[in-house]
Amino acid sequence: MSSNRNRLFVLLLFFLSGFAALLYQVVWQRLLVFYTGSDTVSISLIVSAFMTGLGIGYLAGGRLADRSAPPVNLRYFIGAELGIMGFAAGSKWLLYDFLYASAPPLGDSPIILYAIVFGVLLVPTFLMGLSLPVLSRAFRFGEMDQQARYISLLYFINTLGASLGALITGFLLVRRLGFDQAIWVGAALNGVCAASAYLLSRQASLSGEVLVSGSDAGSKVPLRLTPVLTIWSVQYFMSGLAALSLELIWFRILETLIKSVSLTFAVLLAIYLGSMAIGTVVGTRFGNRSARWRERLFLVCQLSLYAYTILALTAFLYGIAHWPALRFLWDYFASGEPVLTPRFSIFTYGLVPVFLLFLPTFLMGMSFALSQSLLQDKPDEVGRRVGWLQFVNIAGSAVGAWGITWVGFPLLGTAMLVRIIGCLGLVYIIVLAVRRHWSAGLAVVMAGALVLVSLTIPDNARFWQLMNGIETPDQFVFDENESAVSVIKRSPDRKLGVVFVNGLGQSALPYSTDEIHTLLGALPLMIHPRPERVAVIGLGSAGTVNGIAGRAETQRIDCFEIATNQAAVLAEYAEQAGDSAIQTLLHDERLHLIFRDGRYAIRNQAIRYDIIEADALRPASAYSGNVYSREYFELLRAKLKPGGLAVTWCPTARVLNTFRSVFPYVAYCDKLLLIGSNQPIKLDWAAIRQRAGSVYSRQHYGRSGIQIEPLLARYGHGMRLLPATATRTDEINTDLFPKDEYSIRVNDRARF
C-alpha cells in the first residue's frame, strides 16, 4: 500500500472502532439499568463509570505509547480491539444473565452501585481509551503540525463513527436484532479492526511512515507539567465539564420539547457527536497558519461556543412565543402527545436540535483540532500529551455529570445553569485581552454584552413555562430536580389539569375526568376478594392510586415513582385548585411513596402483594419495554401472593401476547387492561357490585366526584376470561428485544 492509503486505512479502522464503542454504550447501558434501575441518577452513574474507564485508558495509553516503538503501538491497538471483542462476546451473560438475573442485590447505595458498574466496565472502557494514544504514535509525519493534524483526524473519524453508531444502533440494529444480537455486530467490527490492523502491520511500506529512529523507539521520562501544559490541562478540564454539562442540559430541554420516545436519544446523540466530528475536521485545515493566529481563533471559538448557547436559547424562547411562523411549535410544546410523522419530525428531530446544538458542538470539535496543533510540539511526548489531556477532559466531564445531576438541576435549575455556563465565555475574553489579541476596550464591551445576553434568559419558572407552551403563570405548576421536569398544565378556565413528565402528557385532573386511570386501579381492586397490600408502579396524577385505594380492607399501598418531585407538584396543584381529593390521598396513612424505579424496587425486596399494577405508559416511550416484557411479567408473577393479581394497561396486541405467555389465567377488559393470576380469576359481578357499593368505597370515590358503580358496570360488559393458548414467541416483548418500544410492526393479530 502507499503511505496515503495506509493512513486512510487506519482512519477507516478507527471509524469502525468508534461505531462499535457507541453501539456498546447504548446496549450496555440498557442491560445495566435492569440491575441499577432506570432512574436518572442510575443512568448518570452508568455514564460516569463508562467515562472513568475511558479516562484511565487514555492516561495509561499515553504512557505506554511514548515508551513503545510504532510497530508495538499498532500491536497494542490490535490487542485492545481483540480485548474489547472478547468482552463484548460475553457481555450479555455478564451484564444481564449474571449481574441482573443471578447475582444477589448488594444494597441501594449509589456508591456501591457505581463501584460495581465501574468494575464490570473497566476492561472494555480502558481498552477503548487506550486506542487513541497508541494510534497517535503509530505514524510519524515530517513536521509536528502534520502529526497534530493526524491526531485530530483520528479524533474526527472516531467521533464520526460514534455518531453513526448511535444512530444506526437505535434505528436499525436494535429494531432488527434486539440488544443481545446487536452486540455481535460490534464484536464483528472489532474483529475486522484487529485483523485488518494486523495485516497492515505486515506491510513493508510502514517502515517509511512509522517512527523508527532511536529517539522514537520510546521515552521513559515522565511527562512534566510545564506552565503551558498546566494551562492546557485546566482548559481541557473546563472544556470537558462544560461539554458534558451542556449535553445534559440540551438533552433535558429537547426531551421536553420534542416529547421523547425510545429513539430520541439516538437522534440527539448522533447530532451532538456528528457536529463535533465536522468541527474537528474543519479545524485541521488551519494547521499551516501561524501559532498566534490559531491561538486567537481557538479563543474566539471557545467564546462563541458559550455566547451562542445563550443567544440560541434566548432567540428560540422569543421566537416560539412571538413569531406566528413558529406558532405550530408553540402549540406542539403545549400538547401532550408526540407527533412522529416524517414531515413534522423534520422540525422536532431536525431543525430544532440542529439550531440549538450544531454550532456549539461544531466549535467544540474545531477547538480540539486547534488545541492539538498548538500543544503538540514535542515528538517524544505525543502519546502522553494526548492521553493526559484526554484523561483531564474525561475527569472534567465526570465532574460535570455529577455536578449537574446532584447540584445543578435540583438547586439551580436549567435556566440558571445556562447563564452560569454561558458566562464561562468571560474567561476567554480575559485571555484574549491579556494575550493582546483584543484591545482592553473591545474586551470590556464584549464582556458587558455577554453578561447582558445572559440576563435575557428568564428565571427557571418562566423558562419552563415557555418551553411548555403556556402563556400565563397561573396555568402552570412545575418542579425541576435531578430526576425530571414535572409539570401540571391547567386549562384557561382553571377547571382541568394535565400532568406532564419531561414533556409527555400522562393523565388528567380532577380524577372524575380521567376514568381510565381510575379503572386501572379500581377494577382489579374490586375483583380481588381481600386486597390487603397493593403496589402501583408510577404516580403520575395519582389517578390509578386513587382507583386502587377504594377498599377498607387495603392496609398498605406502595407507590413507586422515578420522578422524585412528582408528589410535590401534585400537592402544590391541589392547594392551588382546592382539590381535597388529592390532598386526602397524599395524606392517606396507607400510602407509601417510594421514589425508585418500580421494577428495580420490587425485584430487590422480599415482599409479596395481592395486586401489582403498572400505571399506563406509552409503549414507544423510552424504557417502556421494561414494563411490557415477558421477564417483567414473570417478576410480577413471582411477587404475588396466592390468588394475587398482576395488572397492566394493554396498548398493543404484542403486550397481550406477552402477558398471556406468562399468566395461565387472564381477564381482559375491552382493550383497556389485562389482569393475570396463577390461580383462576373469578368474575363474580354480584360480589364486585357489593364491594363497590360499600360505604367506604362510595365515600372514597365520591370525594373525587366519581360514581364507581356505573363506571364499573359500563366497562364490565367488555370484560372476559381468556382461554389458555399457545403464544408465538416471535410476537412478544422481551427485555432484550422490546419490539413495541421501538415501534416494530406486529406481524399478526392477537388471538383471544
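Gly-170 has its place in helix α5, residues 144–201, where helices (H or I, at least four residues) and strands (E, at least two) are DSSP runs numbered from the N terminus. With 5% relative accessibility, Gly-170 counts as buried, a term that stands for under 20% relative accessible area, whereas exposed stands for over 50% and partly exposed for what lies in between (1.4 Å probe, protein chains only). The C-alpha atoms of Gly-170 and Tyr-742 are separated by 8.4 Å, although these residues are 572 residues apart along the chain.

This is a predicted model, in which local features need pLDDT of at least 70 and side-chain atom pairs count only at pLDDT 80 or more, while totals for chains, interfaces and linings use all residues. Residues are numbered from 1 along each chain as its sequence is written, and side-chain values use heavy atoms, with hydrogens and water left out.

**Two further helix residues**

- Ala-80 lies in helix α3, residues 70–98, and is buried, with a relative accessible area of 2%; its C-alpha atom is separated by 5.1 Å from that of Leu-127, which is 47 residues apart from Ala-80 along the chain.
- Ala-21 belongs to helix α1, residues 3–36, and counts as buried at 16% relative accessibility; Ala-21 and Leu-523 are 502 residues apart in sequence and, C-alpha to C-alpha, 47 Å apart in space.

**The sheet of 8 strands**

- An open sheet with mixed pairing is formed by 8 strands in the order β7-β6-β5-β8-β9-β11-β10-β12, where two strands pair if DSSP finds at least two bridges between them.
- The edges of this sheet are β7 (591–594) and β12 (719–722), and each has a single partner strand, so one side of each is left without a neighbour in the sheet.
- From one strand to the next the twist averages 20°, with axes taken as lines fitted to C-alpha atoms (for helices over the stretch in contact) and angles running from 0 to 180 degrees between N-to-C directions.

**Parallel pairs around β6**

- Strand β6, residues 556–560, is mostly covered, since 4 of its 5 residues are buried.
- Strand β5 (residues 533–537) runs parallel to β6 and is joined to β6 by 5 bridges, and the bridge partner of Val-534 in β6 is Ile-557.
- Between β5 and β6 the chain passes through helix α17 (residues 543–548), and this β-α-β crossover is right-handed, meaning that, with the strands pointing away from the viewer, the path from the first strand over the helix to the second runs clockwise.
- β6 and β7 also run parallel, joined by 4 bridges, and Phe-560 has Ile-594 as its bridge partner in β7.

**Antiparallel pairs around β10**

- β10 is mostly covered, with 4 of its 5 residues buried.
- Towards β12, strand β10 (residues 665–669) is joined by 4 bridges in an antiparallel run; Val-666 stands opposite Leu-722 in β12, and Cys-669 has Met-719 as its bridge partner there.
- Strand β11 (residues 673–677) is joined to β10 by 5 bridges, and the two run antiparallel, with Cys-669 opposite Leu-673 in β11.
- β10 and β11 form a hairpin with 3 residues between them, and Asp-670 in the turn has a positive phi of about 40°.

**The sheet of 4 strands**

- Another open sheet has 4 strands in the order β1-β2-β3-β4, with antiparallel pairing; β1 (476–480) and β4 (504–509) stand at the edges with a single partner strand each, so one side of each is left without a neighbour in the sheet.
- Within this sheet, 5 bridges join strand β2 (residues 485–490) to strand β3 (residues 497–501) in an antiparallel run, and Ser-486 stands opposite Val-501 in β3.

**The largest pocket**

- The largest pocket holds about 490 Å³ of space; on a 1 Å grid over the protein atoms alone, a pocket is an open set of points where a 1.4 Å probe fits, with protein on both sides within 12 Å along at least five of seven lines, whereas a cavity is a set from which the probe cannot get out. Grid points are joined across faces, edges and corners, and the volume is the space filled by probe spheres set on the points.
- By class, the lining has 12 nonpolar, 1 polar and 2 charged residues, where Ala, Val, Leu, Ile, Met, Phe, Trp, Tyr, Cys and Pro count as nonpolar, Asp, Glu, Lys and Arg as charged, and the others, Gly among them, as polar.

Notes
1 Å grid on protein atoms, 1.4 Å probe; cavity = no way out; pocket = protein on both sides within 12 Å on 5 of 7 lines; lining within 4 Å.
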